[in-house]
Amino acid sequence: MRDQTVTRMAPLAISDFSLVTSVAAGRAQSLAALQAGFSGLAPCQFGAFPYPTYTGEIAGLDDQPLTGNFAPFDCRNNRLAKAALLQDDFFESVAAARARYGAARIGVFVGTSTSGLLQTETAYRNRDQATGELPAGFDYASTHNTYSLARFVRGFCGLEGPAFVVSTACAATAKVFASAARMIDAGICDAAIVGGVDTLCDTTLYGFHALGVIAEEPCRPFDVDRKGISIGEAAGFALLERPNPRHGPETIHLLGVGESADAYHMSSPHPEGIGARLAMQRALYSAGLAPAQIDYINLHGTATPVGDVAEDHAVTALFGAATACSSTKGVCGHTLGASGAVEAAFCALAIQHGFLPGSPHTQQLDPDFHLNYIMQGRPARIDHAMSNSFGFGGVNCSLILGRAA
Amino acid sequence: MRVYLEGIGLCGPGLAGWQASLPVLTGAEIYRPAPTLIPPSPFLPPNERRRAVQTVKIALAVGAEAFAASGREAAAAATVFTSSGGDGETIDEIMNVLASADCQISPTRFHNSVHNAPAGYWSIATGSRSPSSSLCCHDDSFAAGLLEAAVQATTENAAVALIAYDVCYPRPLSLVRKIGAAFAVALVLTRELADASFASLDIELTKKLATSTMVEPELESLRQHTPAARSLPLLAALAGGLASDGEARITLAYLDDMALSLKIHPV
């Protein structure tokens with residue numbers, strides 16, 4: 001379908017990527033965990049949250065403060081960013097790109113919804129009893145402010161190119177791929193770090209609790225008995241650049257991006273999944289692919305009763321009932337603003353290593369669903385994978401990753 | 001990179017809309033700072049107007065003004081929202097509740113706390129399913145948003161509305177993040193010259209250059225203390241350029257080491 005809001009995009013090489021979630025750190029461990037069907041969800045130990053739930057908490061962040069020049073950025077979100085930048089060879093890949101293109105030609109377009117909000121939560125609990133002032137040493141700009149993540153990543157990687165944070169709730173780290181693709185297309189930069197980070201804090205735990213969408217047990221996407229989300233934290237980064245001969249046949253490419261809005265409700269998806277369908281349709285058009293050419297869809301699939309229904313409608317309306325789909329929210333929880341980057345990385349691993357990821361914790365598929373849901377992971381050749389990310393405010397983004405054409 | 005401008009919305013302290021602010025921006029009239037009065041946006045029904053938070057009200061007000069001037073249907077345009085932070089009152093209330101004994105956040109407060117809340121309300125109010133992004137770049141959020149919006153307009157050949165806004169924080173956040181005044185500006189940008197186009201912007205990303213400032217001291221103070229008001233030199237050039245047919249050159253600071261260099265022509 002011709003959609004005047006979408007143009008075909010030139011594929012971009014994902015020349016490297018990294019991720020840290022509650023189930024694994026780095027590509028090798030993440031691959032092993034996905035193939036084995038492991039889950040990083042555990043009973044919530046975070047802060048003093050009093051309600052029973054499972055979270056995908058990353059161990060050890062409390063013991064890894066940022067120091068030296070980066071001490072002002074010290075907060076859980078930026079600590080996790082550093083951990084992911086140093087995973088595998090990602091930092092070295094960025095350094096090599098910097099040597100190739102120059103620091104000013106590499107953009108940093110990253111996403112977060114929480115940023116370092118946890119610092120402000122703590123600061124408010126430690127206000128001066130007499131004056132009400134926040135404690136000395138609280139650094140709003142370098143921690144809580146939404147831009148803090150991009151400022152930290154840009155400085156840590158020694159980059160001098162354009163940068164900003166995209167903060168569109170749970171679609172943030174998918175939409176940064178779109179921003180970077182446009183910037184490279186326009187010649188503003190030659191390469192870009194995309195991805196992002198979200199970390200546990202009380203605002204999201206109590207906020208989603210107030211909305212009544214947190215499950216007591218580990219989340220069960222597309223299960224007949226699904227009760228809601230499990231909140232996780234994660235970081236994922238990718239290095240995007242124009243394809244060139246250095247990129248071998250194993251290199252995964254960003255082939256298409258589709259963005260849309262629901263125009264429906266601030267915190268509930270359109271019941272028919274109209275906006276979600278539009279994002280997927282635009283991604284297909286942007287990649288120049290037909291629905292039948294998509295071998296796997298990593299669903300947004302947060303395991304809320306209404307969200308999974310809307311996505312089932314959207315996917316089956318566009319793809320029919322044959323395309324293999326799964327949600328990996330059971331692997332590491334709903335990592336909110338980081339989920340786009342993490343699930344793009346999961347798709348890249350699935351394509352590279354030839355398997356369909358399963359859905360840990362999903363026990364009995366809801367018989368009302370029509371899509372081809374993969375409960376147990378299995379080997380399969382995947383040439384093109386789609387990753388869906390939807391967020392508050394009715395914002396939707398679908399990515400298509402694949403082998404080079 | 002060239003884009004065309006076909007509609008402006010403006011709301012700031014003593015700046016009640018684009019047309020009404022022209023005499024002040026050209027220097028023909030003296031600038032008199034006054035508390036920012038946000039006009040009711042025609043995109044918000046009366047009951048939503050009462051409940052909406054300040055960031056939503058001001059963003060939707062300037063967006064409506066810009067689209068009215070452009071004559072373009074709001075739903076058909078992509079949007080880039082940009083702000084140096086979120087809604088101050090919402091954040092303060094949530095932080096206070098979480099610091100109290102019961103920790104019971106209101107669900108509405110929670111969804112209003114996301115950075116893209118104005119974008120969500122915009123989509124609902126205008127019926128727009130077009131792509132929409134919400135950016136933050138601290139003090140340089142206007143420059144970052146202009147870069148993103150112009151790149152999107154040129155690469156996607158779409159009409160893109162840039163909506164930049166900032167509101168003040170209550171204490172104690174205001175002590176660590178002072179915003180001068182509530183301020184918002186909206187620009188409707190296109191790649192192709194259209195009937196409603198009245199200026200072209202040639203935008204170049206450069207190394208750091210001397211930043212354009214405002215001559216009038218109170219407007220310069222507003223520019224310095226309110227990130228969205230970093231747009232003022234561009235707005236003043238557009239206001240002046242409409243009166244003559246010369247070229248104006250403006251430099252916006254972008255990050256510590258870069259700048260956006262703008263050439264403005266009336267069309």
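What follows is a chat in questions and answers about the fold of each chain and the contact between the chains.

Modeller: Ground rules: this is a predicted model, where local features need pLDDT of at least 70, side-chain atom pairs count only at pLDDT 80 or more, and totals for chains, interfaces and linings use all residues. Residues are numbered from 1 along each chain as its sequence is written, while chains are lettered from A and ligands numbered from 1 in the order in which they are written.

Colleague: What is the radius of gyration of chain A?

Modeller: That radius is taken over C-alpha atoms, and the globule rule is 2.2 Å times the number of residues to the power 0.38. For 405 residues the rule gives 22 Å, and chain A is close to that, so it is as compact as a globular protein of that length. The value for chain A is 20 Å.

Colleague: And what share of the residues in chain A is buried?

Modeller: A residue is buried if 20 or more other C-beta atoms lie within 10 Å of its own, exposed if 12 or fewer, and partly exposed in between, with C-beta atoms placed from the backbone. Among the 405 residues of chain A, the buried share is 65%.

Colleague: Is A:Phe46 buried, partly exposed or exposed?

Modeller: A:Phe46 sits in the loop between β2 (42–43) and β3 (54–56) of chain A. Its contacts, leaving out residues up to four places away in sequence, are A:Thr55, A:Glu57, A:Leu200 and A:Leu205; a contact needs C-beta atoms, placed from the backbone, within 7 Å. Because 16 other C-beta atoms lie within 10 Å, A:Phe46 is partly exposed.

Colleague: In what order do the strands of the open sheet with β2, β3 and β7 of chain A run?

Modeller: Two strands pair if DSSP finds at least two bridges between them. β2(A) and β3(A) pair in the antiparallel sense over two bridges, with A:Pro43 opposite A:Tyr54. The pairing in this three-strand open sheet is mixed, and the order is β2-β3-β7.

Colleague: Why is strand β16 of chain A described as largely enclosed?

Modeller: β16(A) runs antiparallel to β9(A), joined by nine bridges, and also antiparallel to β15 (residues 384–391) of chain A, joined by eight. The reason for the description is burial: β16(A) covers residues 395–403 and is largely enclosed by the rest of the structure because the buried count among its nine residues is eight.

Colleague: Which residue in the hairpin of β15(A) and β16(A) takes a positive phi?

Modeller: Across the two strands, A:Phe390 stands opposite A:Asn396. The hairpin has three residues between its strands, and the positive phi, near 85 degrees, belongs to A:Gly393.

Colleague: At roughly what angle do the axes of α7(A) and α12(A) cross?

Modeller: Axes are lines fitted to C-alpha atoms, for helices over the stretch in contact, and angles run from 0 to 180 degrees between N-to-C directions. The axes of α7(A) and α12 (residues 339–353) of chain A come within 5 Å. The two helices count as roughly perpendicular, a label for 65 to 115 degrees (under 35 is roughly parallel, over 145 roughly antiparallel, the rest oblique). The crossing angle is roughly 75 degrees.

Colleague: Over to chain B: how many residues of helix α6 are buried?

Modeller: α6(B) spans residues 117–126 and is largely enclosed by the rest of the structure. Its buried residues include B:Tyr121, B:Trp122 and B:Ile124. The buried count is 10 of the 10.

Colleague: How many residues does each chain bring to the contact between A and B?

Modeller: Elements of chain A such as α7 (172–185) and β9 (252–261) each supply at least two residues to the side that touches chain B. Strands take part as well: two bridges join β5(A) to β4 (residues 132–136) of chain B, running antiparallel, and A:Val165 stands opposite B:Cys136. The tally is 53 residues from chain A and 55 from chain B.

Conventions
Two residues are in contact if their C-beta atoms, placed from the backbone, lie within 7 Å. Helices (H or I, at least four residues) and strands (E, at least two) are DSSP runs, numbered from the N terminus.
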